[in-house]
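Thank you all for coming; I would like to walk you through one structure this morning, going from the whole chain down to a few single residues. Please have the sequence and the model open as I talk.

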Amino acid sequence: MKNIFKINKEERWLALGVFLFTLMLNALVIIKYYDRFIKLSNNYRSLFVKTFHISGFDPLTYEVVSKWTTSYNIHRHPLLAFFMYIPNQINQALIMLTGHNCVQFVVAAILVFCAFYSFIFLYRIFREVLDLQSFDASALAIFTFSFAYVMVASMVPDHFIMSMFMLIMTLYISGLKMKKHLPLSRWQTILLFVFTAGVSLSNGVKTFFAGMFTNGKRFFRPLNIILVVVVPSALIWVFSNYEYQTLEYPRWHSRQVAKLRLDEKHKKKVFEMYKDTTHISDSAEIAFNVNNILSRQAVDAYRKKQQSPNVAHQGEPIAKGEYIGWTDISTPRIMTVVENLFGESILLHQNYLLGDTLTGRPVLVHYKWIFNYVVEGIIVILFALGLYCGRKNKFMWMAVSFMAFDMLLHLGLGFGINEVYIMSPHWAFVITIVIACLAKKLNERKLVAFRTLICCLAAYLLIYNTALIVEYLTIL
């Protein structure tokens, strides 16, 4: 545990391979946007948001590292902006030295680090926690990183690969503790919670799941609940509210005031134009007619907005409200599971390649090749068999609890269901952890067939997804 980041001799060739592969993906992204993002700007948000287009990922990390600000949704990512403060300062030093914005290189270093150690810790889960042979651990780790949105998350300036890194590390640490019959200490649980929840608040719940499975009944002792669950949760919530009121609300209020001024200016302009072109002299009648014009304009703007992809693809929420408004009860679940959950997350669709549902990509896209559905079906069958074979494995159920929580949010409540594949780095690794439990139960003869199948699947996914990613970044 002391040398958790040290690369073991057994891991070196694998580590080199994943490092070079992830570096290549990031290099392609840098090259695609280099000529525009290397320049200094007075409005980085506008530059990055209008220019960067890879699926529905937000380039907010580029903005924060270019000019520090709390651009992330504070209640969903309460500490992420602060985690980016040191990278921001490194970039500021590079700007002073070079006169160019080196944000792509600084962010790429973070992404490569997180992807690299996500792979290493996942390999160690297979090897040290589940006791697989080296070949099987390697094959399953490579299989995981052949998944489409694990690859994509490793190269885009969003938080998902950071979340994946923290969650896999949490599973790895908890798995070792569980295997040695040691508890996850309070300070370890709190520290993991701060980082997982700080990056993405919902991930903090998974740290508590890890504590429950690792510590058993001891986790539910009143003092432990107060110190490990209640106090850290309350502090991070209070801090996020303070952060919002101090840093974000003033900017929001300024935007609202500016919008009201623009509306008032537009109203005066319409009033003057109407007054100059009408024979009516009664000011009350003029005001009445102007209000009717403004009302019709507002209705037209509303209809146009409702027809735009960023509204039309959001689905119907359970109710209106700050948080409940993020839900979705209208997007079809079964087709979402087929085309997006176990589809786009693992195999990219050729149509609307890496498109954004908020700018034109349909929520549901079908594959051109029936073979892709066969591959998806095989993976689902392997996952189901793994669940059965690992039904008595406590560590597997801890990992499954991570995925189950995400499924409750996405498929149950509909949070982010219209682009659920983007969220897959939060749970994609659970699929292969479950499949690993199938490998543990196979005899030597069946294990050979299993290895052949996993290697074929990994090779196909790597070639297929890499080819499409390269096509998108170099041609489209």
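This is a predicted model: local features need pLDDT of at least 70, side-chain atom pairs count only at pLDDT 80 or more; totals for chains, interfaces and linings use all residues.

Residues are numbered from 1 along each chain as its sequence is written, and side-chain values use heavy atoms, with hydrogens and water left out.

Let me begin with the overall picture. The protein chain has 19 helices and zero strands; helices (H or I, at least four residues) and strands (E, at least two) are DSSP runs, numbered from the N terminus. Along the principal axes, the C-alpha atoms fill a box of roughly 95 × 55 × 50 Å.

Of the 476 residues, 51% are buried, and I use buried for under 20% relative accessible area, exposed for over 50%, and partly exposed for anything in between, with a 1.4 Å probe and protein chains only. The chain exposes about 23,100 Å², and carbon and sulfur atoms supply 65% of that area, as computed by the Shrake-Rupley method with a 1.4 Å probe. Among contacts with a separation of 6 or more, 72% are between residues 24 or more positions apart, contact meaning heavy atoms within 4.5 Å.

Now to one helix in particular, α15, which covers residues 333–344. Its twelve residues have end C-alpha atoms only 14 Å apart, short of the 16 Å that a straight helix would reach, the expected span being 1.5 Å times one less than the number of residues. Several residues of α15 are buried, including Thr-336, Leu-341 and Phe-342, and what covers the buried residues includes α8 (148–153), α16 (370–389), α17 (394–413) and α18 (428–440).

The loops on either side of α15 deserve a look as well. Ser-330 sits in the loop between α14 (309–312) and α15, and it counts as partly exposed at 40% relative accessibility. Ser-330 and Gly-414 are 84 residues apart in sequence, yet 8.6 Å apart in space, C-alpha to C-alpha. In the loop between α15 and α16 we find Leu-354, which has a positive phi of about 50 degrees although it is not a glycine. Most residues other than glycine have a negative phi. Is Leu-354 buried or exposed? Leu-354 is buried, with a relative accessible area of 2%.

His-181 also has a positive phi, near 60 degrees, and it lies in the loop between α9 (160–179) and α10 (186–199). His-181 is exposed, at a relative accessible area of 72%.

Finally, consider two pairs of residues. Ser-41, in the loop between α1 (12–37) and α2 (44–51), is partly exposed at 26% relative accessibility, and its C-alpha atom is separated by 40 Å from that of Phe-342, 301 residues apart along the chain. Phe-160, in helix α9, is buried at 6% relative accessibility, and its C-alpha atom is separated by 20 Å from that of Leu-461, 301 residues apart along the chain. Leaving aside neighbours within four places in sequence, Phe-160 is in contact with Phe-57, Ala-153, Ile-422, Met-423, Pro-425 and His-426.
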